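Notebook open, model loaded. I want to go through it piece by piece and jot down what I look up.

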Amino acid sequence: MDYEAIFAERLAAVHAEGRYRVFAHLARQVGRYPVAAAHGPDGVRDVVIWCGNDYLAMGQHPVVLDAMHAALDRHGAGAGGTRNISGTSHPVVLLEAELADLHGKEAALVFSSGYVANDTSLCTLATILPGCVVFSDEKNHASMIQGIRNARCERRIFRHNDAADLDRLLSAADPAAPKLVAFESVYSMDGDIAPIADLCDVAERHGAMTYLDEVHAVGLYGPRGGGVAEARGLLDRLTVINGTLAKGFGVVGGYIAASATIIDLVRSYAPGFIFTTAIPPATAAGALASVRHLKTSGVERAAMQERSATLKRRLTHAGLPVMPSESHIVPLLVGDPVRCKAITDTLMDEFGLYVQPINYPTVPRGTERLRLTPGPMHTDAMMDDLEAALTTIWRRLEMPLAA
């Protein structure tokens with residue numbers, strides 16, 4: 001059998017659909033973010049990043065960098081092993097305590113990424129509970145879907161952010177079966193926010209646990225950066241909260257926060273935690289410094305929200321197809337993968353503006369888009385350049401602009 005030919009054929013299909021992913025080779029520069037050095041066939045040049053997830057620019061904040069430098073000098077480069085075998089460093093222990101406090105929970109557990117935290121935790125919880133039925137929002141992240149699938153349990157998909165549909169599905173389930181409702185707070189491709197209180201009302205009425213992914217909200221919402229649940233005073237109503245250290249907090253890693261029993265259960269049973277090398281002490285120290293800083297500083301959050309609102313207003317006024325968004329995410333609908341790629345290629349090649357095209361399977365076919373993430377360091381002049389470039393490209397491609 002010609003295995004290489006099979007693989008090549010599958011790759012050719014992705015190319016033919018116009019959704020082949022090309023990775024931009026970028027070198028972020030401390031003190032210049034969102035400007036980065038882009039390495040390409042014609043050399044190196046500066047570009048402005050408009051699609052990054054370092055939402056608050058904490059990846060270059062002095063308090064984070066200082067903490068990482070100090071920890072690197074003190075502890076060295078690596079973790080030294082899994083959490084069970086010499087990898088439970090002091091900075092990781094302090095970080096977990098800080099995260100538990102952030103979400104008003106008894107304990108927290110840090111993973112190598114938010115994806116692993118979701119996949120591992122959801123799979124473990126649903127597997128441990130005999131006969132568990134998981135109810136999942138239809139737009140949940142791939143990591144949540146994967147964890148639920150890996151549990152090989154019964155699952156039901158409810159309409160996006162639809163508490164009534166969730167209630168319908170829960171009402172039809174066996175009242176005696178263990179139940180877990182999984183959803184996100186901020187959905188990062190559409191920018192909408194879940195009706196957390198309504199979903200908790202329904203889950204509680206049916207005796208179901210709740211699992212909330214706050215990956216695109218931690219650090220960004222709430223008086224201490226505890227996410228949308230904190231902002232709405234709902235922390236005590238969530239069974240498990242998932243978050244990341246790689247977006248609002250600007251470093252890398254993921255975590256869950258919950259009761260001490262749930263955290264101990266996942267710690268004791270989850271292969272994705274048990275058999276993975278721990279995050280290095282320097283990484284944990286940087287994340288710890290970021291979490292602590294954002295608990296007391298609202299400057300970064302306020303600046304990000306202002307920048308997001310300003311960009312939405314400006315692009316809408318320019319007639320560009322800004323999709324409705326309750327959050328800091330600014331999506332522009334394109335609706336075609338080839339055109340989406342052509343727009344982002346032109347932005348990069350002609351204007352030095354980096355935006356990654358968002359195509360299937362990240363979003364449904366026909367809803368391909370640009371996903372813009374303005375942050376505190378995006379200036380008015382940068383917005384001028386982006387608006388001018390987008391309107392030029394839209395006209396060039398004869399795409400409609402609103403009057």
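Before anything else, I note that contact here means heavy atoms within 4.5 Å. I also remind myself that this is a predicted model.

**Entry 1: Val181 and the core.** I looked up what Val181 touches, skipping its neighbours within four places in sequence. The list holds Phe135, Phe158, Leu166, Leu170, Ala203, Ala208, Met209, Thr210 and Tyr211. Then I checked the largest nonpolar core, which has 56 residues. Val181 is one of those with the most contacts inside it, along with Leu95, Leu99, Phe135, Phe183, Ile196 and Leu238.

**Entry 2: helix α7.** Which residues of α7 are buried? I find Ala163, Asp165, Leu166, Leu169 and Leu170, in a helix that runs over residues 163-172. They sit on the same side of α7, because they cover an arc of only 160° around the axis. Ala164 and Ala172 are exposed, on the face turned away from the buried side. I then asked what the buried residues of α7 pack against, and got β5 (133-137), β6 (154-158), β7 (179-184) and α8 (196-205). At the start of the helix, a side-chain oxygen of Asp162 comes to within 3.1 Å of the backbone nitrogen of Ala164.

**Entry 3: the four-stranded sheet.** I traced an open sheet in the order β1-β2-β3-β12, and its pairing is mixed. The edges are β1 (26-28) and β12 (353-354), each pairing on one side only. Strands β2 (residues 35-40) and β3 (residues 43-49) run antiparallel and are joined by six bridges. For His39, the bridge partner in β3 is Val44.

**Entry 4: Val47.** Buried or exposed? Val47 counts as buried because its relative accessibility is 1%, and the cut-off for buried is under 20%. Leaving out residues up to four places away in sequence, Val47 touches Leu26, Pro34, Val35, Ala36, Ala38, Met348, Gly352 and Tyr354.

**Entry 5: aromatic rings.** How many aromatic pairs does a search of the whole structure find? I got one. The ring centres of Phe111 and Phe273 are 5.6 Å apart with planes at 70°, so I log the pair as edge-to-face. Phe111 belongs to strand β4 (residues 107-111) and Phe273 to helix α11 (residues 271-274), so the pair links distant parts of the chain, 162 residues apart. Phe111 is buried at a relative accessible area of 2%, and Phe273 counts as buried at 7%.

Methods: Residues numbered from 1 in each chain as written. Predicted model: local features only at pLDDT ≥ 70, side-chain atom pairs only at ≥ 80, totals over all residues. Heavy atoms only, no water. Core = buried A, V, L, I, M, F, W, Y, C linked by side-chain atoms within 4.5 Å. Buried < 20%, exposed > 50% of the residue type's maximum accessible area, 1.4 Å probe, protein only. Pairing = 2+ DSSP bridges. Helix = DSSP H or I, 4+ residues; strand = E, 2+ residues; numbered from the N terminus. Arc of directions from axis to C-beta. Polar contact = N/O pair within 3.5 Å; in protein donor to acceptor, adjacent residues only side chain to side chain. Phe/Tyr/Trp six-rings, centres within 6.5 Å; stacked < 30°, edge-to-face > 60°.
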